[in-house]
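Thanks for coming. Please look at the sequence and the structure first, and then I will talk through the aromatic rings.

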Amino acid sequence: MKRKIWSFMLATLLLVASVVNVGASGDRPNYSDYQFTTTYACNVRAGTSTDYRIIASLPHGHIAYSDHSSSAYVYSQERWIDLTVSNGWGWVRADLVCPSNACYVVTTQAGVHLRALATVDCESLGILPYGTYVEVLGTLGEFYHVMVRSTGMEGTYGYVSTQFVHYV
């Protein structure tokens with residue numbers, strides 16, 4: 001009986017050690033690339049907090065890559081994305097980047113109304129100025145359902161006419 005208990009304890013210890021070793025090894029899983037566009041000039045940091053040192057700075061509109069499909073990391077109510085930069089990789093706040101495959105920009109000088117519903121007959125939530133980045137979440141007729149990624153209305157959801165925003 002003692003031999004079975006010791007065998008079980010040894011097996012459990014080896015299993016825990018292998019899991020801890022995988023996490024501590026520094027090896028990163030090999031996922032396909034994910035591309036992001038910066039919606040502001042931003043700093044890439046050594047960790048998931050502004051307390052970490054800056055390892056690179058990226059300009060507004062820069063395209064960067066993450067090699068993790070699960071790169072978003074929640075840290076004290078903020079989400080962080082790990083990005084590959086010229087001198088390695090680091091972390092950027094997720095609200096400062098937009099997934100490139102869904103990143104569009106307002107292209108009309110007059111701006112575009114952000115609407116509560118996908119129709120011009122409903123209230124405007126505000127005007128998104130030229131150059132505003134939006135993340136397109138879907139299409140409904142002649143409108144994109146978007147989340148605003150820049151210009152003071154960050155995180156606001158609504159609808160914009162497909163005529164006035166274009167893929168970055």
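This is a predicted model: local features need pLDDT of at least 70, side-chain atom pairs count only at pLDDT 80 or more; totals for chains, interfaces and linings use all residues.

Residues are numbered from 1 along each chain as its sequence is written, and side-chain values use heavy atoms, with hydrogens and water left out.

The protein has one helix and 15 strands. These are DSSP runs numbered from the N terminus: helices are H or I with at least four residues, strands are E with at least two. Of its 168 residues, 37% count as buried, meaning under 20% relative accessible area with a 1.4 Å probe and protein chains only; exposed is over 50%, and partly exposed is in between.

Now the rings. Rings of Phe, Tyr and Trp (its six-membered ring) pair if their centres lie within 6.5 Å; planes under 30 degrees apart are stacked, over 60 edge-to-face, and the rest tilted. That rule gives three aromatic pairs. In one of them, tyrosine 104 and tyrosine 144 have ring centres 5.2 Å apart and planes at 55°, so this pair is tilted. Tyrosine 104 is in strand β9 (residues 103–106) and tyrosine 144 in strand β13 (residues 143–148), so the pair ties together parts 40 residues apart in sequence. Tyrosine 104 counts as buried because its relative accessibility is 16%; tyrosine 144 is buried too, at 15%.

Tyrosine 104 also pairs with tyrosine 167, edge-to-face, at 5.6 Å centre to centre and 70° between the planes. Tyrosine 167 is in strand β15 (residues 165–167), 63 residues from tyrosine 104.
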